Amino acid sequence: MKNIRLKEGKERSLQRRHPWVFESAIAKGAADPGETVRVESHDGQFLAWAAFSPASRIKARVWSFDEGQRIDAAFIGQLIEKSIAARQLFDIQSDGMRLVHGESDGLPGLIVDRYADTLVAQFTSCGTERFKQDIADALLRATGLTRLYERSDASVRALEGLPEVKGWLRGEGPVELQIREHDWQMSLHIAEGHKTGFYLDQRDSRQRFAAHTRHRRYQKVLNCFCYTGGFTVAALAGGAGHVTSIDSSAPALERAQANVVLNGFDLSRTTFIDADVNASLRAFIDRGEMFDAIVLDPPKFAPTAAHADRAARAYKDINRLAFKLLVPGGELFTYSCSGGISADLFHKIVASAGMDAGVDGFISERLQGAPDHPMTVLFPEGEYLKGLVVVKKL
Ligand code: SAH
């Protein structure tokens, strides 16, 4: 067993049960990709068992803080079982859900989503890569399913020195699937879609949006960054008169339209625009068009805190434009899924957008990712998705 010795004073974060060891904390020691190492303090005290990542700035990710724990296939299998069992603790109104959410489930670098009877997994750390076959077996055992597709084509794999991989890992079957979410159906593509195919993390927000639309009887809704139409279908299900949806991805828009039809809604209640959101919002302002409700769910502008400044300007810009496009009393559902933008900073960005637009509003709700994308007490980095519902003052 290889040892990784930390510099003096660098053991504190592990003692607080934070699962990452940064390059800068290490005094000496190295191992092969994914190899289990014993992480110790400067004076040789055991701190954790971890998986080593030679190429990454996060040099080791913790498997266990218990010195007596053996890190083997049986142990990883137990983590998978616990993670899946934990989903019973949450209220998930869908047969599409996240079964494993990385660090929050004690499995750093592993994402597993379930879409009806198909599993999709993403391995983004050397440790999970090394146990890939054991993880695949454990997933099938714990779910009783037979099909597992691998979507390890995320760019973060490069940071770990891992090649991109995509394809069936166990069994095979259709890559175009359908899930039920709340009162509607959504189709998705596990091989070509973003992430593992669908933004499961916005499930609860889509339900809130449907409920608000019903309650306020919205006639004109604008869904920006609509992807495959999650919020579009939610608005139609809530009785919206007309929904305009914008995205810059043609395949996403095609599927969004298909999802409208799949749910039995008339396409005449919708407009789909293949364009840049910022440019479209400016065009609406020029034309004097207004909306009763607007969703802003942009992609990750700030993957890390280092990108926060530029991202803040981009968030502020679209929020400022959206405020201008709302009728008095209209509602803005605005989000950031950037790990590098805290909830507090996001609130300040939206405030400064309101200031620039000359608009005030009531913050009626704070939103976060659905509970199957949990954040935990000991791993605050797990918080990435945050949203605000703002009602423009009369
Ligand atoms: N709200 C969606 C998820 C949005 S993901 C849901 O509930 O499923 C972000 C989307 O923004 C992606 O579909 C991406 O294609 C789109 N996008 C990224 N940059 C864009 C831009 N500048 N203009 C328009 N769409 C953009």
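Start with strand 6, which gives three residues, the largest share, to the lining of the largest cavity. Keep in mind that this is a predicted model.

**Stop 1: the cavity.** Now select the whole lining: Ala51, Arg61, Val62, Trp63, Pro108, Ser125, Gly127 and Thr128. Four of the lining residues are nonpolar, three are polar and one is charged. The space they line has a volume of about 40 Å³. A search of the whole structure finds one cavity of 30 Å³ or more.

**Stop 2: the domains.** Colour the chain by its parts: domain 1 (2–64), domain 2 (73–179) and domain 3 (199–392). Where does the largest cavity lie? Domain 1 and domain 2 both contribute to its lining, so the cavity lies between them.

**Stop 3: the interface.** Keep domain 1 and domain 2 on screen. Their C-alpha centres are 25 Å apart. Show the contacts: 16 residues of domain 1 touch 16 residues of domain 2. About 1100 Å² is buried between the two domains, with carbon and sulfur atoms giving 66% of that area. On the domain 1 side, select Gly34, Arg61 and Trp63. These three lose the most area to domain 2, together 51% of what that side buries.

Conventions: Residues are numbered from 1 along each chain as its sequence is written. This is a predicted model: local features need pLDDT of at least 70, side-chain atom pairs count only at pLDDT 80 or more; totals for chains, interfaces and linings use all residues. Side-chain values use heavy atoms; hydrogens and water are left out. On a 1 Å grid over the protein atoms alone, a cavity is a set of points where a 1.4 Å probe fits but cannot get out, and a pocket is an open set with protein on both sides within 12 Å along at least five of seven lines; lining residues have an atom within 4 Å of a point. Grid points are joined across faces, edges and corners, and a volume is the space filled by probe spheres set on the points. Helices (H or I, at least four residues) and strands (E, at least two) are DSSP runs, numbered from the N terminus. Ala, Val, Leu, Ile, Met, Phe, Trp, Tyr, Cys and Pro count as nonpolar, Asp, Glu, Lys and Arg as charged, and the others, Gly among them, as polar. Domain bounds come from an automatic or database domain assignment. Contact means heavy atoms within 4.5 Å. Buried area is the accessible area (1.4 Å probe) that two parts lose on being put together, summed over both.
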